[in-house]
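Here is a model to explore by question and answer. Keep the sequence and the 3D view at hand.

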Amino acid sequence: MHELKFRELESVVQNARQGDRQAFDTLVYRFQDMAVGFAFSVVGDFHLAEDAAQEAFIQMHRDLKQLREPKAFFTWFRKVVYKQCDRITRRKQLPAIALDATAAIAAEQPSLSDIVEVGEIQYLVHDAILTLPEGQRQVITLFYISEYSQKEIAVFLDLPLTTVKKRLYDAKRRLKQRMTFMAKDYLQDNRPSKDEKFSEKVLDIIAPDRTKHDEAIYSLFEMGDDPFAFQWRAGRLANSHVDWETSRIGCMKDGEEEQVVMAMHVYDIAMRIGTARARTAGFNCEITHPAYMDQRSSLIERTARSSLDAMQAQGYDLAISFDDEAFWAKQGFVFGWRALQWHVSVSDLPETLSNLVLHRFEPNHRDDLAAIYNQTHQSLTGTAERPAYRRNKHPEMFMGWYWTDKEGHPAGYISGGADRYVIFEPTVQTDLDRGHISESIRRQFSRGSRWGMPPLSDKATCTVQHMGSQWIVEDEEVKCFIHKESEQLYGAVFDRPLFWVDEVAGDPDQCLQALGMLTRQWQCKEVFFDRLHYKSGVGKRIRQMFSCRIHTGTFGRSERSYVVRIINLRSLLEKLASELSRRLSQSPYANWSGNLQISLKEEGNVEKVTLVIKNGQIVVEAASEADNSIEGGQEIAQLILGSESPEEVVEMADIQVTGEAKYLLSVLFPDQHPQMENQAL
């Protein structure tokens, strides 16, 4: 077809199905004009048509092996292109083609002397083509964009040859002679095959091979002047719970070489929903090559969609992310929960002498401390089961302290502390005891933290609090509290006297006693808890304090919300069955029996699951008839997670509830105050 005989084409398709890259490149080269021309006839814009065609070839590369019969390639590929056009049309919310308003353009046929700018000619031709009925528009676009034969067009559109001839005749007659010639020139000027840019820029969206692509991905993060780029290689990717099979990278062809220009990683999280665990894919790692920033939006959408497509096959139940709600809403995500930030005055913390002895540790993964965390958070919805990051998400940013029980085993811990840390060489102690800011202290202060440390000014002073063990270096609003611990000098740098708690686990009273000791040692006035769970033991204690303030967003008060999407409703509910049974058995409906159908509707598709309930026990089965039902969109995830009260979720999300389901809602899906900690995603 178009320089490829039918028999030859079948062979090329077969080879491409088997992973032959050269065969795939041949298909891109031969059908790029047809894909863009057909897409233009649907979306009415050449830039969007190229986007749709690019995405269609990406999908073709991924799904071609599913095409059992190469003879069906034409029909199959046309449907793939149309699907991508439909996605772009809905995503961009393109206005409908106003046929009545532009019909006069084709009929009036203005003379060229009346048109000065070439752009105006193209505008008139463009609109004239769009006034044609859809069938005529498709045929004439394909006929002229790269001069496909009527037989080839008939095969691609799966139409009788006579129908194609009739539509082409009618289209030419409608456009009239001069406009027809102009349309031919316009379409051929916009065909992708006029140069090699289109075929060279077909992006491969693939799962990264950790041994093959890791260095290229790290290099992407380390481009530019970001001083914090080191954390990806040091902890956030290299020593983390990234799922490399579900993550995606974008590779751009450059001759025979492929360049990684985009990376989006997915973290594999065992997220708690009550006592249950749901396998949750977390998006929190995206980078685009600086040379392709003009295509960043399109690249992110392509990689995110490809990753979402892979999640069901990889066994995920849910997907989550945070921050850019508008973007994730386009991918079918809905509001999940708001990030909570807590503040409390140090004066409210226990002042009584504690018998706790605090031991320093690097806040990386430890099996013993992970066990304490899991026990403390075992039923707090939204939190993640450890292990997660094997090395702290923000390497060298936090410090850690733990205390032990009577047998000497760790019983609880805190990680966090100041804005930044400096470890000084023991040799500067003499200068500190003299209250002297030496050049050695200045040099070590400036170089002491990988998270950025401004140099000390000439106004900096040093005050000796305890000779040989504790000092304060002050420079306007910046304070550095230096203390000696096991012959090592630790400096905690505060832009304001606030102690940052990144993570806390263990007996809540002991946790608060330890915090009281640490914050007073460093002369802090306030404690900040990052994403502390509302139902946690420490959270319950703090909420009783007069100084407690809770706000949503980040430390800097910018908005931050988590978004969620159901990947597999049945799998999710199967994992929740024991937790739902537990909730039911402890309610007035413990002896209720019946069927409850839950239906998830999305983009015309409906996934239905039936909960078979008998004597307080719930079994998940395939959909069956039920008088009691809950039906809605992705907001069903809000119900399952307990983002708000079930009545509020049903009302705000327009979820349809029938039969006795309205009585079961508050029992099965109570408000859970979900919250996910920083070291989970």
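Q: Is Val 42 buried, partly exposed or exposed?
A: This is a predicted model, and Val 42 sits in helix 2, which covers residues 21–43. Its relative accessible area is 24%. Buried needs a value under 20%, and exposed one over 50%. The class of Val 42 is therefore partly exposed.

Q: Which residues does Val 42 contact, leaving aside its neighbours within four places in sequence?
A: Tyr 82 is 40 residues away from Val 42 along the chain, yet their C-alpha atoms are separated by 7.7 Å. Contact here means heavy atoms within 4.5 Å. By that test, Val 42 is in contact with Tyr 82 and Cys 85.

Q: How many helices and strands does the protein chain have, and what share of its residues counts as buried?
A: The secondary structure comes to 24 helices and 24 strands. The chain has 681 residues. The share that counts as buried is 54%.

Q: What share of the contacts with a separation of 6 or more joins residues 24 or more positions apart?
A: Take the contacts in the protein chain with a separation of 6 or more. Residues 24 or more positions apart account for a share of 73%.

Q: What is the orientation of helix 7 to helix 8?
A: Two packed helices are described by the angle between their axes and the distance between the axes. Helix 7 (residues 134–145) and helix 8 (residues 150–157) pack at about 130°, with axes 10 Å apart. That angle makes helix 7, relative to helix 8, oblique.

Q: How do the residues of the contact of helix 7 with helix 8 divide into nonpolar, polar and charged?
A: Helix 7 brings Gln 138, Val 139, Leu 142 and Phe 143. They meet Gln 150, Ile 153, Phe 156 and Leu 157 of helix 8. The division is 6 nonpolar, 2 polar and no charged.

Q: How are helix 21 and helix 24 oriented to each other?
A: Helix 21 and helix 24 (residues 661–668) pack at about 105°, and their axes are 9 Å apart. Angles of 65 to 115 degrees count as roughly perpendicular. The two helices are therefore roughly perpendicular.

Q: Which residues make the contact of helix 21 with helix 24?
A: The residues of this contact divide into 5 nonpolar, no polar and 1 charged. Helix 21 supplies Leu 580, Arg 583 and Leu 584. Helix 24 supplies Leu 664, Val 667 and Leu 668.

Q: Which residues have the most contacts inside the largest nonpolar core?
A: In soluble globular proteins, nonpolar side chains tend to be buried together. Here the largest nonpolar core has 66 residues. Helix 21 (residues 569–585) gives the most to this core, with 7 residues. Those with the most contacts inside the core are Ile 630 and Ile 640.

Q: What is the phi of Glu 396?
A: Glu 396 is also placed in the loop between helix 16 and strand 9. At 40% relative accessibility, Glu 396 counts as partly exposed. Although Glu 396 is not a glycine, its phi is positive, at about 70°.

Terms used: Residues numbered from 1 in each chain as written. Predicted model: local features only at pLDDT ≥ 70, side-chain atom pairs only at ≥ 80, totals over all residues. Heavy atoms only, no water. Axes fitted to C-alpha atoms, helices over the stretch in contact; angles between N-to-C directions. Helix = DSSP H or I, 4+ residues; strand = E, 2+ residues; numbered from the N terminus. Parallel < 35°, antiparallel > 145°, perpendicular 65-115°, else oblique. Nonpolar A, V, L, I, M, F, W, Y, C, P; charged D, E, K, R; others polar. Buried < 20%, exposed > 50% of the residue type's maximum accessible area, 1.4 Å probe, protein only. Core = buried A, V, L, I, M, F, W, Y, C linked by side-chain atoms within 4.5 Å.
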